[in-house]
Amino acid sequence: MTRFAKSALAALISLCTSLAAPFGVTQAVQAADLVGVYPDDDGGVCGQPWVLNKITHRFSYQVRHVPHLPDVQITDFRRIHQHRYLPANDTWPIGRRYCGATVSLSDGRDRTIWYLIEEGQGFASIGDNVEFCVSGFDRWMVYNGRCRVLR
């Protein structure tokens with residue numbers, strides 16, 4: 001198999017995987033898979049199940065692999081809102097949605113979460129990318145103090 005054919009096959013598999021998630025074809029049920037549990041959702045992209053599922057999965061990975069973080073999981077999203085939208089244009093080629101919410105954690109505490117959805121920035125530029133920061137869990141200051149970069 002040629003290098004081009006292998007790359008095309010890998011891209012096709014990635015595309016099929018990313019398209020399967022919005023239709024409920026996922027490996028494990030996450031808190032974000034519970035459609036309709038968000039009564040105060042704005043109904044926009046910020047509250048889409050695929051976005052919340054991606055955040056839940058990546059947060060779980062983060063608490064397992066960053067030293068000295070409490071072993072908690074996201075159990076619920078509330079007060080989901082979009083507070084800024086920068087559409088793509090000639091000078092700014094990537095559309096960005098800045099979102100915020102309150103998450104309930106498995107230890108019973110509520111935390112503020114800020115997240116960014118970048119249009120067309122998924123794997124191999126297929127789909128969208130999601131970056132997030134949970135208040136108190138940015139141990140390495142990736143998003144500056146108190147998630148300032150994503151606010």
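## Surroundings of F137

Apart from neighbours within four places in sequence, F137 is in contact (heavy atoms within 4.5 Å) with F59, Q62, V63, L69, P70, V72, L105 and R111. The model is predicted: local features need pLDDT of at least 70 and side-chain atom pairs count only at pLDDT 80 or more, while totals for chains, interfaces and linings use all residues. Residues are numbered from 1 along each chain as its sequence is written, and side-chain values use heavy atoms, leaving out hydrogens and water.

## Nonpolar cores

F137 is also among the residues with the most contacts inside the largest nonpolar core, together with I55, F59, F77, I113 and Y115. This core has 23 residues. A nonpolar core here is a set of buried Ala, Val, Leu, Ile, Met, Phe, Trp, Tyr and Cys residues joined through side-chain atoms within 4.5 Å; buried means under 20% relative accessible area with a 1.4 Å probe, protein chains only.

At least two core residues come from each of α2 (49-65), β1 (74-86), β2 (96-105), β3 (110-118) and β4 (129-134). Helices (H or I, at least four residues) and strands (E, at least two) are DSSP runs, numbered from the N terminus. The most is given by α2, with five residues. A second, separate core has seven residues, including Y98, W114, C147 and L150.

## Strand β2

Because 10 of its 10 residues are buried, β2 is largely enclosed by the rest of the structure. Strands pair if DSSP finds at least two bridges between them. β1 and β2 run antiparallel, joined by nine bridges, and R78 has T102 as its bridge partner in β2. β2 also pairs with β3 in the antiparallel sense, over nine bridges, and Y115 in β3 stands opposite C99.

How values were computed:
Buried < 20%, exposed > 50% of the residue type's maximum accessible area, 1.4 Å probe, protein only.
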